[in-house]
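Try each task before you read its solution.

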Amino acid sequence: MDFQVLLTEISNHWIEIDDQTTCENALIHFWLFRLLPYIKLYSNDNISWTFTEILDLYDFDRRLRKVIWELVEHIEIDIKTKLVEETTDINWKAEHLDWTYMNNPQEMEKILDEIIESRKEKIKSVSNPDPTRLTTDFWKIIRVCSFWDMWKILKELNSVKLRSIVNYYNIHMQKSIQTFLSRTSSLRKVRNVWWHHEICLKNPWYLRLFSPSSTNWSRDLFPHIEVLLIMNKAIDQVKMIELRDELIELLKEWDRWYAIDILKIIWAPENWEEILMNI
């Protein structure tokens, strides 16, 4: 590893190497490709940051992703549970789908077949060595399906059944089903950001989401955080409050460290704390 080349590259992004030993140890552990997105966050401002500050930024984002992941995980498990409870006969081991709940039974069968085929190794068992749609209970398919698969299954439910699921989350809007599908589709990207260890802050690939606290559509992280908390409130209000408070303290901690407006971190409204506390 040619540290001098890496240090030169870092310095070219207006980053001051304030502690070379710390810098070299970090590069050994993270390599430059993990830290470069954080370096580039502020390199365009022509303001000199220290490498230690960049590591703090990386750690802040890592802790932020941890809280966000837990919020997403609660939603994913809860929706999957409701899919099984609402569409199958529990007395028959959740294997018999009621096709009257589906918009298109053939399309649903195709989706389920694709999930089984792509995840056979996770479904295989002594009693089911060659999983197929005929041999695999629906709840086992739901257990191993991805967030994207889950969203596709949701879209195949008819409006009556889908509304009964949506009603759990207290989305009091005229187009509650469309809002729910939009939110779950957008949260899929937030989930993938964590799963693939991408940067949370100013990530350009978030899907556009209608912010509950404003009238604008946005790709910013803040409306996604709002939606995560709102949906978690319907699942477990006590746990939601715990994670919300952890999130607020984390954001305030960053603000105290560097006296940087929270708008520069996740482009939240100026009254972001009040908005989150009122959820």
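A residue counts as buried under 20% relative accessible area, as exposed over 50% and as partly exposed in between, with a 1.4 Å probe and protein chains only. The model is predicted, so local features need pLDDT of at least 70 and side-chain atom pairs count only at pLDDT 80 or more, while totals for chains, interfaces and linings use all residues. Residues are numbered from 1 along each chain as its sequence is written, and side-chain values use heavy atoms, with hydrogens and water left out.

**Exercise 1. Is threonine 184 buried or exposed, and what does it contact?**

Step 1: Threonine 184 belongs to helix 9, residues 176-195. Helices here are DSSP runs of H or I with at least four residues, strands are runs of E with at least two, and both are numbered from the N terminus.

Step 2: apply the cut-off. Threonine 184 has 1% relative accessibility and therefore counts as buried.

Step 3: list the partners. A contact means heavy atoms within 4.5 Å. With neighbours within four places in sequence left aside, threonine 184 contacts Ile79, Phe147, Trp151 and Met231.

**Exercise 2. Describe the surroundings of isoleucine 79.**

Step 1: isoleucine 79 sits in helix 3, and it counts as buried because its relative accessibility is 0%.

Step 2: leave out residues up to four places away in sequence. Isoleucine 79 then touches Met150, Leu154, Tyr169, Phe180, Thr184 and Met231.

Step 3: check one of these partners from its own side. Under the rule that leaves out residues up to four places away, leucine 154 touches Ile79, Leu83, Leu162, Ile165, Phe180 and Leu181.

Step 4: compare sequence and space. Isoleucine 79 and valine 166 lie 87 residues apart in sequence, and their C-alpha atoms are 9.3 Å apart.

**Exercise 3. At what angle do helix 3 and helix 10 cross, and which residues make the contact?**

Step 1: get the geometry. Axes are lines fitted to C-alpha atoms, for helices over the stretch in contact, and angles between N-to-C directions run from 0 to 180 degrees. The axes of helix 3 (residues 51-87) and helix 10 (residues 221-235) come within 10 Å and cross at roughly 45°.

Step 2: name the arrangement. That angle makes helix 3 oblique to helix 10. For reference, under 35 degrees is roughly parallel, over 145 roughly antiparallel, 65 to 115 roughly perpendicular, and the rest oblique.

Step 3: find the hand. The crossing of helix 3 and helix 10 is left-handed, meaning that the near helix is turned anticlockwise from the far one by less than a right angle; clockwise would be right-handed.

Step 4: list the residues. Helix 3 contributes Leu64, Ile68, Leu71, Val72, His74, Ile75, Asp78 and Ile79, while helix 10 contributes Leu221, Ile225, Leu228, Leu229, Met231, Asn232 and Ile235.

Step 5: sort them by class. The contact of helix 3 with helix 10 has twelve nonpolar, two polar and one charged residues. Here Ala, Val, Leu, Ile, Met, Phe, Trp, Tyr, Cys and Pro are nonpolar, Asp, Glu, Lys and Arg are charged, and the others, Gly among them, are polar.

**Exercise 4. How do helix 8 and helix 9 pack?**

Step 1: helix 8 (residues 159-166) and helix 9 pack at about 70°, with their axes 10 Å apart.

Step 2: helix 8 and helix 9 are therefore roughly perpendicular to each other. Their crossing is left-handed.

Step 3: the contact is formed by Ser159, Leu162, Arg163 and Val166 of helix 8 with Ser176, Ile177, Phe180 and Leu181 of helix 9. These residues divide into five nonpolar, two polar and one charged.

**Exercise 5. Which residues have the most contacts inside the largest nonpolar core?**

Step 1: a nonpolar core is a set of buried Ala, Val, Leu, Ile, Met, Phe, Trp, Tyr and Cys residues joined through side-chain atoms within 4.5 Å.

Step 2: the largest such core has 85 residues, and Leu64, Ile68, Ile79, Leu83, Ile153, Leu154 and Phe180 have the most contacts inside it. Helix 3 gives the most to this core, with 15 residues.

**Exercise 6. Where do histidine 197 and lysine 202 lie, and what are their phi values?**

Step 1: histidine 197 is in the loop between helix 9 and strand 3 (209-210), and lysine 202 lies in the loop between helix 9 and strand 3.

Step 2: neither is a glycine, yet phi is positive, at about 55° for histidine 197 and about 50° for lysine 202. Most residues other than glycine have a negative phi.

Step 3: histidine 197 counts as partly exposed at 46% relative accessibility, and lysine 202 counts as partly exposed at 34%.
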